[in-house]
Structure formats: structure tokens, C-alpha cells
Amino acid sequence: MISETKAMATTREAGADSGAGGFDAQFWAMHKASREEPPASLSERKEQLRALRRAISGTIGEFQEAIARDYGGRSREETLMAEIIPALTTVRDALRNVGRWMRPERRGTSIMFWPGRNQIVWQPKGVVLIISPWNYPVSLTIGPLAAALAAGNRVIVKPSEFTPATSDLLKRCLEGALGADRVTVATGGAEVAQALCRLPFDHILFTGSTSVGRKVMAAAAENLTPVTLELGGKSPAILHPEYDLPTAAQRIARGKLLNAGQTCIAPDYVLVREGNVDAFARQYRDATARLYPRLIDNRDYTAIINQHHYDRLCALVADARAKGARVEAIDPEAELAAGEIGSSNTRKIAPVLLTGVTDEMTIMQEEIFGPLLPIVPYRTLDDAVAYVRDKPRPLALYYFDNNSTRVERVLDLTVSGGVAVNDTVYHFAQEALPFGGIGPSGMGAYHGRDGFRTFSHAKAVFFQSRITLTSWLAPPYANRWFRSLMRLALRRIRRPR
């Protein structure tokens with residue numbers, strides 16, 4: 001049988017020229033250290049988290065500028081609200097709680113093994129890979145990174161090649177604060193991510209599209225590397241007719257148009273009862289105009305990340321229009337030419353309402369990831385729930401209703417990664433709640449304690465007592481102590497509760 005050490009050496013040789021942007025050697029150095037050095041102590045983990053906090057706090061303005069440059073236009077205030085503050089909140093939460101998270105957890109012990117005792121010991125997994133996306137390049141890097149450091153791991157971060165200025169700043173910031181032996185930032189294109197995924201990491205967390213998530217999982221399977229996949233999908237909003245229409249429209253617009261819809265948990269479409277579609281469209285139009293009275297030169301309204309995604313969104317609208325949908329670009333100051341939904345010069349696409357959509361349209365089959373909002377009419381609440389249940393399970397679901405009985409019914413009948421009732425997207429900001437998808441929208445979760453546990457190995461430990469009943473659980477079985485223990489065990493198992 002090939003020893004584990006020899007197998008690892010063979011894997012190391014095979015991976016030496018894997019094309020991981022020269023980061024193979026760094027991975028193997030981290031791998032060696034994770035196997036030979038003791039786990040980071042509580043004080044060491046806290047110091048790493050403090051260093052991470054100082055690094056982010058000291059470069060807020062630089063991150064705001066880098067992200068705006070990568071996007072070709074994104075508000076510094078939006079970056080502060082949606083990136084910097086969530087990232088620092090995550091680090092603060094880890095600092096406050098890591099000591100409690102690290103404590104061994106007592107577990108019950110079967111009577112046959114008294115007075116022995118059980119506990120769970122949380123150990124670092126070792127070396128983890130975090131592949132972060134372009135839409136929130138800071139918060140969706142720092143969030144899982146803080147959890148991985150709190151769990152005592154070494155980390156390689158692969159940020160998106162679509163945000164090169166931010167990725168370069170992350171490399172300088174994180175490696176400078178924590179040292180490349182603890183956190184390495186691997187910049188480069190998709191080929192670097194592909195090569196990294198083939199290395200035998202102890203855990204991979206990927207945030208991105210479902211199609212790429214499948215490739216990550218396939219590559220990780222070669223080394224039996226566990227994965228956490230934070231994907232996306234079509235997150236629905238269901239509006240009950242009794243809920244206040246202006247409030248619902250305002251909250252849906254706010255969540256939908258944050259980062260110009262380039263958010264994995266943005267409402268992808270809204271289900272509105274027949275007869276209320278026009279009223280909701282009017283309220284949504286008014287709410288949008290209040291949020292963004294101008295578009296092209298409005299620094300609060302984010303540009304689309306690149307030309308490819310701009311063209312993709314335009315193609316979704318063109319396909320829907322050709323198949324019979326009614327398309328309305330919300331353009332309060334009439335800045336766009338007739339029939340246009342955006343400005344290719346600035347890569348800004350107007351908020352767009354689509355009615356008369358059908359499932360044959362591409363916009364109802366793919367995650368939109370932009371400021372386009374289809375409205376789907378329903379007859380009864382049961383019809384709306386059935387429509388959602390018939391689709392792949394989404395990353396988020398939003399339900400607007402003040403009737404607690406109906407709310408509980410919708411929660412019971414639908415399955416999604418997370419839910420916000422009477423609002424959108426804010427469930428993501430709750431550090432006490434796990435964030436993750438289910439099925440096509442992802443697997444696994446992080447945030448707070450759940451993030452710490454994602455990047456930790458829960459090692460089961462049984463402590464045997466000096467005096468123990470298990471002395472009689474051995475041959476020869478034809479003795480009264482063994483028979484008495486078996487009768488006692490059977491009585492306890494069969495006892496009705």
C-alpha cells in the first residue's frame with residue numbers, strides 16, 4: 001500500500017507544473033507547515049484578525065477608488081455600505097467570538113459507556129482556497145477569509161480577474177498585513193483558478209456562477225476536497241395583495257438595483273396577483289425614480305462590470321421583446337434614445353420592467369444579474385408557491401405579507417438558501433445566520449459560527465474512564481455481566497418516549 005506521505009509527494013510532483021500562476025510552491029509550503037506546526041493559538045488567531053481589520057480600515061479610500069475604476073463607475077458610498085462595513089463587521093464578530101467557537105463541545109455519552117465522556121474538538125482543516133467573485137470583491141473575500149483565519153487555517157485567495165485593480169490591492173493589503181505564509185493572494189485569469197482547484201486543498205469555498213461551480217466541484221473531486229459553493233439562481237419575490245404596495249415596491253427596488261442588480265441575492269423576478277400588475281409597476285417606477293432620478297451621470301448608479309455582461313443583458317431584453325414581452329426602461333430624465341435600455345459608452349443600463357413574460361424567454365431561464373425585473377402574475381397564493389416550487393431551489397426568497405399564518409405556510413412549502421420576510425437582501429447581513437444555497441444555488445454555508453465550522457474539522461473524541469462497564473463487552477459472552485448489560489441496553493432502546 002502506498003503511504004500517505006508518498007502519495008502526497010507524487011501529487012506534489014504532478015502539480016509542480018500545473019500552471020497555477022506559480023502558486024504551486026506556495027501551496028506546498030503552506031501544506032507542509034499545516035502538517036508540521038501546531039495549530040494557531042487563540043491569541044495568534046486574534047492577532048491575525050486584528051491585522052486583517054487594520055489592513056482593511058487603513059485602505060478604505062483605496063478600495064473605494066479601485067472598485068470604481070474596475071467598474072467604470074460605482075459610488076464610493078455604495079462600496080462603503082455594501083463592501084467595507086460588512087467586511088469589518090465580519091472581522092469584528094470573529095474577534096469577539098472566536099474564543100467561544102474554539103471551545104470543545106461536550107456531547108452526551110451512552111449509558112453503556114459511562115462514566116466515559118464525549119466531546120467535539122474543533123481543528124483547522126489546513127490549507128483552504130477561497131475563490132471570490134467580481135460583484136463584491138472585498139466583502140465576499142474578507143467574509144470567508146475571516147472565518148478561515150478564525151478557524152486557524154492558512155489560505156490562498158483567488159480574486160476575480162474582472163476586477164484587476166481591486167485584486168492587486170487585495171494582494172498588497174492582505175499579504176502585507178498577514179504574510180504570504182498565512183494568506184497568499186493568487187492573481188491571474190481563469191486558468192489560475194482552474195489549476196489551483198486541481199491541488200489537494202483541505203477545503204475550497206467558491207462564490208460565483210452555477211456553471212463554474214460545477215467545474216470547481218469536479219476538479220475538487222479528484223482530490224476528494226470538500227467544497228462550499230455559493231452560487232445564485234433566480235431568487236423570487238412574492239407579493240401578497242394585502243401587503244402595502246408602495247412599501248413593497250420601494251424595498252424590492254432598493255434590493256434589486258443595489259450594484260445595478262449585480263448581486264447574487266437580488267430579487268430576480270416578482271410574483272404579483274393578477275389585477276395588481278399595473279399598480280405594482282407604477283409603484284416600482286415611482287420608487288426607482290426616487291432612488292435614481294438620473295442615470296447616465298448619476299454617481300450613485302453603478303455601471304455594468306464589463307462589455308460582455310452589458311451585451312448579455314441587452315440580449316436578454318431583445319430576446320424577451322422578440323417573444324412578446326412588454327419592455328419599459330425607467331428613464332426619468334429621458335436620457336436614453338427611444339427603444340434603448342442603456343448607454344454603451346458608460347455601460348449603464350436603466351432599470352427595466354418586463355411584463356407579459358413567459359418561461360420560454362431566456363430571461364426567465366437564466367439568472368439575470370442586472371437591473372431587469374420581470375413581473376409574473378398569479379391567480380392565488382398557492383399558484384405563486386407552486387410556480388416557485390416548480391423551479392430550481394433559489395439562493396433567496398422574499399415574501400411580503402403581514403399575516404403570520406400565511407408567512408409560515410410559505411416558509412413551510414418553499415425551500416431556498418435563505419429568506420427575508422417583508423424586505424430584500426438584508427438577511428445576508430445577519431452574522432448570526434448562516435448564508436448559503438441549496439442544490440443548484442449552492443451547498444454549505446458560512447457567516448459567524450457557521451463560517452468557523454465550515455473551515456474546521458469537528459474531531460470526535462471519546463475519553464475512557466479508569467473504571468468502565470465496557471470491560472464486560474468482550475468474550476466470553478456467556479457471563480451474567482454481559483447478559484445484564486445487553487438487557488439494560490435493550491430496555492432503554494425499546495422504552496417508549
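Helix 4 and helix 5 are roughly perpendicular to each other, a class that covers angles of 65 to 115 degrees, whereas angles under 35 degrees count as roughly parallel, those over 145 as roughly antiparallel and the rest as oblique. In this predicted model, the axes of helix 4 (residues 60-71) and helix 5 (residues 76-102) come within 9 Å and cross at roughly 110°, where axes are lines fitted to C-alpha atoms, for helices over the stretch in contact, and angles run from 0 to 180 degrees between N-to-C directions. Helices (H or I, at least four residues) and strands (E, at least two) are DSSP runs, numbered from the N terminus. Residues are numbered from 1 along each chain as its sequence is written, and side-chain values use heavy atoms, with hydrogens and water left out. Because the model is predicted, local features need pLDDT of at least 70 and side-chain atom pairs count only at pLDDT 80 or more, while totals for chains, interfaces and linings use all residues.

The crossing of helix 4 past helix 5 is right-handed; a crossing has this hand if the near helix is turned clockwise from the far one by less than a right angle, and is left-handed if the turn is anticlockwise. On the side of helix 4, Ile60, Gly61, Phe63, Gln64, Glu65 and Ile67 take part, and they meet Arg76, Thr79, Leu80, Glu83 and Ile84 of helix 5, contact meaning heavy atoms within 4.5 Å. By class, this contact of helix 4 with helix 5 has 5 nonpolar, 3 polar and 3 charged residues, where Ala, Val, Leu, Ile, Met, Phe, Trp, Tyr, Cys and Pro count as nonpolar, Asp, Glu, Lys and Arg as charged, and the others, Gly among them, as polar. Helix 5 also holds Thr90, which is buried, with a relative accessible area of 11%; buried means under 20% relative accessible area, exposed over 50% and partly exposed in between, with a 1.4 Å probe and protein chains only. When residues up to four places away in sequence are not counted, Thr90 touches Gly143, Ala146 and Glu431.

The contact involves Leu245, Pro246, Ala249, Gln250, Ile252, Ala253, Arg254, Lys256 and Leu257 of helix 10, together with Ala279, Phe280, Gln283, Tyr284, Ala287, Thr288 and Leu291 of helix 11, and its residues divide into 11 nonpolar, 3 polar and 2 charged.

Helix 10 (residues 245-257) has 13 residues and reaches 18 Å from its first C-alpha to its last, close to the 18 Å expected at 1.5 Å a residue, the expected span being 1.5 Å times one less than the number of residues. Its buried residues, among them Ala248 and Gly255, pack against strand 8 (236-239), strand 9 (269-273), helix 11 (277-291), strand 14 (372-378) and strand 15 (396-400). Helix 11, with 15 residues, reaches 21 Å, close to the 21 Å expected, and its buried residues include Val277, Phe280 and Tyr284. The elements that cover the buried residues of helix 11 include strand 8, helix 10, strand 9, strand 13 and strand 14.

Strand 13 (residues 352-355) contains Leu354, which at 0% relative accessibility counts as buried. Leaving aside neighbours within four places in sequence, Leu354 is in contact with Ala320, Arg326, Val327, Ile363, Leu372, Leu373, Pro374 and Ile375. The C-alpha atoms of Leu354 and Ile375 are 6.1 Å apart, although 21 residues separate the two in sequence.

Most residues other than glycine have a negative phi, and most peptide bonds are trans.

Overall, the protein has 16 helices and 18 strands, and buried residues make up 52% of its 497 residues.
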